[in-house]
Amino acid sequence: MPIKNVRLEVMHFLEQNIDGFINQYLIPVEKIWQPTDFLPNSQEDTFLEDVRELRELAKELPYDFWVVLVGDTITEEALPTYESWLMEVEGIDNVDGESRNGWSKWIRHWTGEENRHGDLLNKYLYLSGRVNMKEVERTTQYLINDGFDIGTGRDPYKNFIYTSFQELATFVSHNGIAELAKKSGNEKLTRICKRIAGDEMRHHHAYSEFVSRIFEVDPSEMMLAFSYMMKQKIVMPAHFLRESGQKISSAFEQFSNSAQRIGVYTTSDYIDIMQKLIEKWKIDKVSNLTDEAERARDYLMKLPARMAKISERLIIPPEPYIFKWVVPATK
Ligand SMILES: [Fe+2]
Ligand SMILES: [Fe+2]
């Protein structure tokens, strides 16, 4: 008798509600915002004046801010990597014909929404005059060439843990950038980053709902997948980041130090996200667990406090690393 593939069965079970998920968590094309809604309109006579104003306001923001905005943009621009990765996940079938299932529809629609993020940020950066776009473009191409390895394999459970975490992490980062832009009086950039953050939150709700549903039908395996992903730590999608002419080395770390220095995505944000997921999925109350899954639950429940203790020892260098992407302002 063939061994039953429970994950495939669970994915098939969830797939029956794909249109419901799309209606609930994604927004139809005609209703959702588009990048041009937040950028100077090149068909208007006021275009050049609007661009001048955008550039003036951009002068107010500090070095680390631009590094983080560039890193966030490149992360969004590497979307082809994420789409192709997700299409390979077990239970998601994008082959033509009858076997092309509802999950691939979800992935395409999610990609369609995500694609607007890189589009908008890229155009904003180009107009801002604060960054070396050619270097940004080169890093983006490198990142797509290099791909990523997020340690999930093709396992849908691990991938949904990853996306639940990652969408919330990008919310935190875009929202943090928005807050800093607001403090410097840059309303337009604030609105840009807030709107993107809003999308990320919706996506987070979707992926974490998929996980909630899996907890209902396959609790032990879902628990093991969650603890596996937390044990090996969530690797950020841009962890292979590199500058032109360089090998993959410390660029991601330098970018993440910039984010820590300006407080938009820190180790304590990482721990908060973990804690939020533990609460959202009511990890303390999940029942019908195997002994192994019980141990995984214990591990998860103690992890945030343990990580908080370790993170106290973390030291962030006070000065920014100078990237080719951002030329320091000479005032
Ligand atoms: Fe995004
Ligand atoms: Fe996202």
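**Ground rules.** I number residues from 1 along each chain as its sequence is written, with chains lettered from A and ligands numbered from 1 in the order in which they are written. Since this is a predicted model, local features need pLDDT of at least 70, side-chain atom pairs count only at pLDDT 80 or more, totals for chains, interfaces and linings use all residues, and side-chain values use heavy atoms, with hydrogens and water left out.

**Fold.** I found 13 helices and zero strands in the protein chain (DSSP runs, H or I of at least four residues for helices, E of at least two for strands, numbered from the N terminus). The C-alpha trace spans about 70 × 50 × 35 Å along its principal axes. I also noted that 52% of the 331 residues are buried (under 20% relative accessible area, 1.4 Å probe, protein chains only). Of the contacts (heavy atoms within 4.5 Å) between residues at least 6 apart in sequence, 84% join residues at least 24 apart.

**Iron site.** Which residues hold the iron ion (ligand 2) as protein donors? I get E114, E167 and E200, each through OE, lying 2.1 Å from the ion. Donors here are N, O and S atoms within 2.8 Å of the metal (3.2 Å for Na, K and Ca); water is not among the atoms, so the site may look incomplete. The donor spacing in sequence reads E-x52-E-x32-E. E167 sits in helix α8 (residues 156–183) and E200 in helix α9 (residues 187–217), so this pair ties together parts 33 residues apart in sequence. E167 is buried at 4% relative accessibility, and E200 is buried at 1%. I then followed E114, which bridges the iron ion (ligand 2) and the iron ion (ligand 1), 3.4 Å apart.

**T81.** Buried or exposed, I wondered about T81? T81 is buried, with a relative accessible area of 11%. This residue lies in helix α5 (residues 79–87). Leaving aside residues up to four places away in sequence, T81 touches L143, I144, G147 and F148.

**Largest pocket.** How much space lies in the largest pocket? I noted about 810 Å³. Of the 37 lining residues, I234, M236, S256, Y265 and Y270 are the closest to its centre. Helix α11 gives the most to the lining, with seven residues. Helices supplying at least two lining residues each include α4 (63–77), α10 (219–231) and α12 (267–280).

Methods:
Buried < 20%, exposed > 50% of the residue type's maximum accessible area, 1.4 Å probe, protein only. 1 Å grid on protein atoms, 1.4 Å probe; cavity = no way out; pocket = protein on both sides within 12 Å on 5 of 7 lines; lining within 4 Å. Points joined across faces, edges and corners; volume = space filled by probe spheres on them.
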